[in-house]
There are 6 protein chains.
Amino acid sequence: MNDSSKEFTHIRSNDLPSMVDVSEKSVTERKAVAMARIHLGHELAELLRNSGSTKKGPVLQTAVIAGIQGAKRTSDMIPMCHPLPLSAVDVDIELEGEYALIQATAKTSARTGVEMEALTAASVAALTFYDMCKSVTKSMKIESICLLEKSGGKSGDYRAKDAQISK
Amino acid sequence: MNDSSKEFTHIRSNDLPSMVDVSEKSVTERKAVAMARIHLGHELAELLRNSGSTKKGPVLQTAVIAGIQGAKRTSDMIPMCHPLPLSAVDVDIELEGEYALIQATAKTSARTGVEMEALTAASVAALTFYDMCKSVTKSMKIESICLLEKSGGKSGDYRAKDAQISK
Amino acid sequence: MNDSSKEFTHIRSNDLPSMVDVSEKSVTERKAVAMARIHLGHELAELLRNSGSTKKGPVLQTAVIAGIQGAKRTSDMIPMCHPLPLSAVDVDIELEGEYALIQATAKTSARTGVEMEALTAASVAALTFYDMCKSVTKSMKIESICLLEKSGGKSGDYRAKDAQISK
Amino acid sequence: MNDSSKEFTHIRSNDLPSMVDVSEKSVTERKAVAMARIHLGHELAELLRNSGSTKKGPVLQTAVIAGIQGAKRTSDMIPMCHPLPLSAVDVDIELEGEYALIQATAKTSARTGVEMEALTAASVAALTFYDMCKSVTKSMKIESICLLEKSGGKSGDYRAKDAQISK
Amino acid sequence: MNDSSKEFTHIRSNDLPSMVDVSEKSVTERKAVAMARIHLGHELAELLRNSGSTKKGPVLQTAVIAGIQGAKRTSDMIPMCHPLPLSAVDVDIELEGEYALIQATAKTSARTGVEMEALTAASVAALTFYDMCKSVTKSMKIESICLLEKSGGKSGDYRAKDAQISK
Amino acid sequence: MNDSSKEFTHIRSNDLPSMVDVSEKSVTERKAVAMARIHLGHELAELLRNSGSTKKGPVLQTAVIAGIQGAKRTSDMIPMCHPLPLSAVDVDIELEGEYALIQATAKTSARTGVEMEALTAASVAALTFYDMCKSVTKSMKIESICLLEKSGGKSGDYRAKDAQISK
């Protein structure tokens, strides 16, 4: 493939990593949506479903809160990310069959996008869900952490081919 | 299923979350190994392979370093995790076909295990890898974050059925 | 009371918490003032007064510095708070009779207010004051952490009925 | 009063603050319990009571989680506190009349006590409760943050005169 | 010297420290460049030079990444610093004779300058370089951490007399 | 030089950085002392000296407190450092001629040493001193950050040739 525009913008000519200089970019409204999916297995899915809100409630609440806080720490965790003034973070979790489906949305008004914030929110929520349930089973698997869509910014909008949260 | 030993130990009888009281547990050597896998797609895999060490080097180094730092922040990110004096963290990344395979190992000498530290190291390394390459393609997908094995502690050792890092 | 405008804006219709979306709000100058009061008891108040600046100095300095740093970490500590670019934080402490009176002011130019930053600064300063003096007495009590006033933003200005720092 | 044993152990002879040297102290089991109380006012108390679990649930969960995470960040926030390997943190919140009553318990096996961890957990839970409800009323007041009891360590056990969480 | 404009702006009239109020200042593009130099000694300099990229690579990469992350944590570490939305951070390291020369550049669009961010990036990179090599020798010395230049802001541009990174 | 024991222990055979595995090392008492020196220049040195305690006090207090907090964040800042349960941190600053002399001491009871904690405390105190005085002059220079001594641990004690804090 011969597309010279595809570059590793986080790496400089001397092969050292660098935070991309966004000082010339315009401040625009930016949004990104990411997902994660956890395979729970039959037993855990059943247990959560049967516990009514007594167990499911705290598991979901803790995962949602951790995901939101995770989004705010993205630039602290991912070395080349810029610190961004997030204007909104939302994390949703639903149980469906043997899966937990997580969707995270992040918004900012800034010079660079919030893809990593949305992906980090989804990942930290998934890890926390795992932590809250690992006394029941350790064989959960976190799958399909990916970007569903992004908008705002010069590089244009992006929408995953199969852009919906799904099993 | 009727296994009364399966419980949500992070949730108390009043349905509020809580950090498990480990003060009665013994201090033992504990270790956990986790993996994550990133589907890169053909173009990115090719680009990394062809760049020799000039691009691949900084991408892998940054992801490894972020993963190690992520492990140290596990209890800050995952609400019910205990702060643990980690005695070792290792993150390995290899490119294989259209995938990047990440394996993270964490060790401690403590009253509770390091599963979440190993899983967090693998996840943060994967997110960082994504960040370093997202200027090339946004359609990477992080897959199969899971525990490969753990040892130490009263609940016994665990080994995933298919306990090897794999595509 | 029948005031439908009173809502829990941090909780969504599905009963999961969420960071309020402020992306449509305007950036305005915002300011908030909060207070905390510590009951020291006779002995400690006397000891601080008699030590001249030798003990009182470091106690006050450490509490003021911790309060200012606490304000900067508000969004890291309070899960649904937005990260804000603080333009000023001030913490004042005075000894008056058997009390230490703390007043904290925070300012920003942002889409949402700084009440929590001012309250957090006052609280962390109070906790630090407690820590610096707890070798003398453990029976101090932190009282009356509250908002004295806020200005800026669509919801209008607020001034506590008895808006002055007081015993 | 003439009790020469009462000293500001966090301040050295040159009037600069310092982290107390605990390297000669023994590692023992230590525990501390602290409380905070929030005056909600009639309207908010009613609203929380009438909302059933739909609003009260997320408010309490978020406050409890933030309190637990706050305990883990105590040494990061309070300048002279030692980093401690917490073995348990528990935060309980109950609504009673026009008040929310918060009780926080912290445990460790270390060379110094966990009073500040318990007090910080209670304070951060109270601040978060305030944040979750401030869209309803800003006139809440956080009161009576104090130590209820501590045990373990050479300085002996402590129990507040009126050591029970109360209005 | 009789220049009454020289003041300690971080200290108020009551001799307590304070974050300078920048709410009246204009948002402008600001940039700062700082340096640090590490004296390695003959043996370590030789060892790094002879190892080709196998050892030098990871040492430099780790130091650069830590420096960039350090810049983002400046306001968390330096008590009176404002949190700033950094738009770029760059850290360069070169080996020259028995020295490692570090240059750090920080940019923001804000109400106050980024001198401390550039100085912190250079310092953390230097400390990390030390850490990566201290198994070889402990007698390295970090020298000459200073500001090379700053631009933007009312106080005008600054350029060190001998403003170039040098042995 | 042909000393095969001199190795980069933070770098593995695959040239990726790694946190050294200390799980086999013994827990021993460890201590390290580091220094930093700031060249203030004539004007600033004079100004601090003449201000009596009114300006010098807050400058020193803020620098000391930041240095102590910096020591506690060492493993968060320096990627390959282990998190350590510090049992003591002390930072001393003295003005001497045109210099500020900083000495930092750190202690722990752990499987690895506290050199980086002492060096980080000295560095963060120096950066904070710079920040507190940079409204007076920007031409300060931080010099001679180095280890003065370390004790405890298998690799034996270390004492810098000229192990005293000095101009």
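Which residue in S4(B) is the bridge partner of A:Ile142? The legends below start there.

**View 1. Strand S4 of chain A pairs with S4(B).** The partner of A:Ile142 is B:Ile145. Strand S4 of chain A (residues 141–151) and S4(B) run antiparallel, joined by 2 bridges. Strands pair here if DSSP finds at least two bridges between them; strands (E, at least two residues) and helices (H or I, at least four) are DSSP runs, numbered from the N terminus. This is a predicted model: local features need pLDDT of at least 70, side-chain atom pairs count only at pLDDT 80 or more, and totals for chains, interfaces and linings use all residues. Residues are numbered from 1 along each chain as its sequence is written, with chains lettered from A and ligands numbered from 1 in the order written.

**View 2. Chain B meets chain A.** Each chain puts 51 residues into this contact (C-beta atoms, placed from the backbone, within 7 Å). H4(B) is the top contributor on the chain B side, with 12 residues. That side splits into 28 nonpolar, 12 polar and 11 charged residues (nonpolar: Ala, Val, Leu, Ile, Met, Phe, Trp, Tyr, Cys and Pro; charged: Asp, Glu, Lys and Arg; polar: the others, Gly among them).

**View 3. Chain B laid on chain A.** A turn of 180° with a shift of 0.0 Å along the axis does it, at an RMSD of 0.0 Å (least squares on C-alpha atoms of residues with pLDDT of at least 70 in both copies). The two copies are thus related as by a two-fold rotation axis. In chain B, B:Glu143 has the C-alpha nearest that axis, 2.3 Å away.

**View 4. Chain A beside chain E.** Here 14 residues of chain A contact 16 of chain E.

Notes
Contact = placed C-beta atoms within 7 Å.
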